[in-house]
Every structure is written in structure tokens, then in C-alpha cells.
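Q: I have a model open on my screen and would like to learn how to read it feature by feature. Could you walk me through it?

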Amino acid sequence: MRDLTKGSEGKHILLFAIPMLLGNLFQALYNTVDSIWVGQIVGSNGLAAVAVSFPIIFMLISLVMGLTMGVTIIISQYYGAKDMDNVKRTIDNTLLMLLVASFVTTIIGLLLSRKILILIDTPDVILHQATVYLNIMFAGMLFMYGYNGLSAILRGMGDSKTPLYFLIIVTVVNIILDPIFIYVLKLGVAGAAYAAVISQGISFVMGFVYLYRKHDIFRLKFKDLRFDKGIMGLIFKIGFPMAIQQTLVSVAGVFLNAIINRFGADAMAAFGAASRVESFIFMPTMSISMSVSSFTGQNLGAGKIDRVKRGFNAAMLMGVVLSLFTLFITQVIPKYLILLFTNNQTVVELGVQYLKILGLFYCAFTFMFVSNGVVRGSGDTLVAMIITLVALWFVRIPLQTYCQEG
């Protein structure tokens with residue numbers, strides 16, 4: 001595991017961020033391959049069905065995602081202070097928490113999927129496909145939670161490489177299974193969901209077995225697993241603001257989908273394709289932000305505050321360079337990026353408009369991501385939550401609603 005409390009700040013952040021960036025690239029590729037196959041084989045309606053489903057899935061898993069971000073911070077601070085007993089206790093409680101949460105989320109998702117789609121005005125032409133896709137994805141929540149939990153634990157200890165290996169397995173298996181389920185077996189949108197769940201399951205099982213055998217700190221005795229009030233209280237204290245933030249962000253995503261749905265399936269397909277491209281655009285800076293969180297947590301745990309300041313400056317410099325590159329991509333070649341998903345001219349034109357506007361504000365996003373990374377790493381997650389929610393609920397959604405009415 002990497003010790004982030006010694007040596008060059010910028011080098012540590014970059015070396016930690018690169019594996020995370022590669023991991024995020026594979027994650028985005030994993031999600032994007034589904035959309036490309038669905039868009040090209042099933043058509044723009046299938047692409048719209050996947051697009052409208054994603055924010056709903058994210059809404060129901062975001063609470064746990066926020067809590068695991070808190071786990072990363074807690075473990076990074078314990079690990080920086082060399083308190084391995086509490087690292088072990090945090091790991092045990094995290095895995096037990098995710099087991100319970102996955103069961104609850106699966107039940108809720110299966111019961112409410114169609115009702116939520118109807119509530120957000122999903123066009124009738126894609127309602128059935130979206131419902132099928134959602135139900136299959138909800139059935140695999142255990143695998144999704146499991147992978148995210150293992151990754152959060154390892155990142156807290158400074159290991160961003162092992163999660164990357166797990167994710168490579170997910171992506172490769174998914175790339176192989178997608179054409180088989182979607183095209184050969186002719187399962188359409190359902191095939192994309194089956195491929196995603198199976199690949200997640202294979203990666204989670206292989207990762208868990210590997211860690212169980214290779215790392216003593218992952219040795220679990222299920223009969224001894226029980227909730228520790230102190231550790232769980234700390235996880236919720238630090239992770240709950242981020243969990244609320246993630247949940248409200250995902251609810252905002254569903255709300256935005258509801259607005260876009262009123263413009264029809266083509267608009268939803270364009271938003272879905274552009275959002276996949278957007279995930280790649282934001283990826284480098286988000287990786288730096290997560291790296292800064294672990295860097296900040298370990299150095300605060302070791303009492304090295306000056307290194308946190310220098311780390312922030314180094315991360316911001318990296319972000320500015322990335323923002324210039326992103327501006328070029330979004331203004332020069334956006335059409336070719338959308339064409340990867342569909343040849344529908346209306347969808348392409350709408351997607352290009354979205355990306356061109358997005359690229360103009362990337363530098364501001366960079367400052368927000370890096371600043372929030374430092375704030376999260378310090379354990380003061382409430383401030384990051386407030387900033388994000390104000391931006392979404394008091395700026396973005398009112399502006400989009402106003403533009404629609406205008």
C-alpha cells in the first residue's frame with residue numbers, strides 16, 4: 001500500500017490518480033460499450049431506454065456509494081496513523097453493511113422500477129424496454145456494491161491499482177458478452193443488462209477470493225461479523241453527508257430526465273449518448289479529486305498540514321491543463337463522438353449542442369472537484385454536500401426548467 005505522507009506532493013497525487021483514472025476509463029468504457037451496442041443494433045429507442053434507466057439505478061445505489069466514500073476517508077486516516085486494528089474493524093463493518101444494503105436495494109428496485117419510470121414521464125415507446133433493463137440491473141446489486149466496497153477499502157489504504165485490475169476484468173468480460181447477448185442471442189436491451197450483471201459478478205467473486213487469500217486484513221470469519229456501533233457511527237458521521245449529497249444528486253438526475261423526457265425519445269437518446277461522452281470528459285479531474293481525498297486524509301492523520309496545501313496547488317495545476325484539452329475536444333470533434341452511438345441525425349445534432357456548451361465550463365468544474373476532494377479528505381463532508389446541492393437544486397434545475405418553459 002502506498003504511503004502518501006512522504007515525498008513529492010504532485011508526484012504522489014499523480015501516481016495515485018493515474019491508476020484511478022485508468023480504472024475510471026475502464027468503468028466508463030464498461031458503461032459506454034452497452035450504449036454503443038444498444039444504439040447501433042437495437043436503435044435510438046433502445047439507447048433512450050438505457051439512458052432513462054441509469055439515473056434511477058444511481059438514485060437507489062447512491063446512498064451506499066456515499067457511505068463507501070466515507071469508508072475511504074476513515075480508512076485513509078486510520079492507515080495514515082498506523083492504527084491497523086481500526087482499519088480491520090472498518091473493513092468488517094463495511095462489508096456487512098453492504099450485504100444488508102444490497103438486499104434492501106434489490107427489493108425496493110424490483111418493486112418500484114416501472115412506477116418510477118411512469119412518474120418521470122418516460123415515453124410509452126421505451127417504457128417496457130427500460131423496465132426490463134432496470135429489473136435485471138437491480139437483481140445484480142450485490143455484485144455492484146461488493147466491487148465498490150472493495151475498491152473503497154483499498155483506496156483508503158493507498159492502493160488504487162488492485163481496483164483497476166478488478167475493473168479490467170469487468171470491462172473485458174462485458175465487451176465479450178455484450179455482442180453475444182444483444183446481437184447473437186437477440187435479447188436487445190435485456191442482453192446489455194445481463195452482460196453487465198454477469199461481468200460484475202465475475203469480477204466481484206474473483207476479487208474477493210484473491211483478497212481473502214493474499215491479504216490477512218481481509219480474512220473474514222462470517223460467524224464473528226457484527227455491527228460495531230463505534231465504527232458504524234463514524235462511517236455514518238463522515239459518510240452520511242456524502243450519501244445525502246449523492247442521493248440528492250441522483251434525484252436531481254431523475255428530475256432532469258423527467259424534463260428531457262417531455263421532448264421525446266430522440267432528446268432522451270441524445271442526452272444518453274452525450275452523458276456517456278461526458279463521463280469520459282470529467283473522468284481525469286474526478287480521479288484527481290479522489291486522489292486528493294486520500295492524500296489529504298493520510299497527511300492529516302500524520303499531522304502534515306503543509307503537504308495538504310501543496311497537494312491542493314499541484315492538483316489544481318493538473319486540472320487546468322486538462323481543462324484546456326477538454327475544451328479542444330468538445331469544440332472540434334463532438335459530432336464524431338455522438339456518431340459512435342447512433343446515426344440518427346436529430347439525435348446527433350442535439351448531442352453535439354450539449355457537448356459544446358458543456359466544454360465551456362470545464363475549468364469551473366475542475367476547481368469544484370479538486371476543492372471538494374480536499375474538503376472530503378479532511379472529514380468535513382457537510383460543506384462539500386452543501387456546495388453540490390446548491391449548484392444542482394438552486395441553479396441547474398431551476399435554469400433548465402426555465403429554459404424549457406421559455
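Q: How many residues does helix H12 have, and what length is expected at 1.5 Å a residue?

A: Helices here are DSSP runs of H or I with at least four residues (strands are runs of E with at least two), numbered from the N terminus. The expected span is 1.5 Å times one less than the number of residues. Helix H12, residues 345–359, has 15 residues and reaches 21 Å from its first C-alpha to its last, close to the 21 Å expected. Before we go on, please note that this is a predicted model, in which local features need pLDDT of at least 70 and side-chain atom pairs count only at pLDDT 80 or more, while totals for chains, interfaces and linings use all residues. Residues are numbered from 1 along each chain as its sequence is written, and side-chain values use heavy atoms, with hydrogens and water left out.

Q: Which residues of H12 are buried?

A: A residue is called buried under 20% relative accessible area, exposed over 50%, and partly exposed in between, using a 1.4 Å probe and protein chains only. In H12 the buried ones are Val347, Val348, Gly351, Val352, Leu355, Leu358 and Gly359. Looking down the axis of H12, these buried residues fall within an arc of 130°, so they line one face of the helix. The arc is taken from the directions that run from the helix axis to the C-beta atoms.

Q: What covers the buried residues of H12, and what caps its N-terminal end?

A: Contact means heavy atoms within 4.5 Å. The cover of the buried residues includes helix H9 (265–301), helix H10 (305–332), helix H11 (334–338) and helix H13 (362–377). For the cap, look at Asn344: one of its side-chain oxygens lies 3.0 Å from the backbone nitrogen of Thr346.

Q: How much space lies in the second largest pocket?

A: Rolling a probe the size of a water molecule over the atoms shows where empty space is left. A pocket is an open set of points on a 1 Å grid over the protein atoms alone, where a 1.4 Å probe fits, with protein on both sides within 12 Å along at least five of seven lines; lining residues have an atom within 4 Å of a point. The second largest pocket holds about 310 Å³. It is lined by 15 residues, and Val277, Phe280, Ile281, Ile329 and Leu337 are the closest to its centre. Helix H1 (9–42), H9 and H10 each supply at least two lining residues, and H9 gives the most, with five.

Q: Where does Pro284 lie, and is it buried or exposed?

A: Pro284 lies in helix H9 and is buried, with a relative accessible area of 18%. Not counting residues up to four places away in sequence, Pro284 touches Leu21, Leu322 and Tyr362. Pro284 and Thr366 are 82 residues apart in sequence, yet their C-alpha atoms are 9.5 Å apart in space.

Q: How many of the residues of H5 are buried?

A: Helix H5 (residues 141–156) has 12 of its 16 residues buried, so it is largely enclosed by the rest of the structure. Among them are Met141, Tyr145, Leu150 and Ile153. Just after H5, Gly158 takes a positive phi of about 85°.

Q: What is Thr171 in contact with?

A: Thr171 is found in helix H6 (residues 161–184) and is buried, with a relative accessible area of 1%. Leaving aside neighbours within four places in sequence, Thr171 contacts Phe26, Leu29 and Tyr30. Ile180 also lies in helix H6, but Ile180 is partly exposed, with a relative accessible area of 35%.

Terms used. A polar contact is a pair of N or O atoms within 3.5 Å; within protein, one must be able to donate a hydrogen and the other to accept it, and residues adjacent in sequence count only if both atoms are side-chain atoms. Grid points are joined across faces, edges and corners, and a volume is the space filled by probe spheres set on the points.
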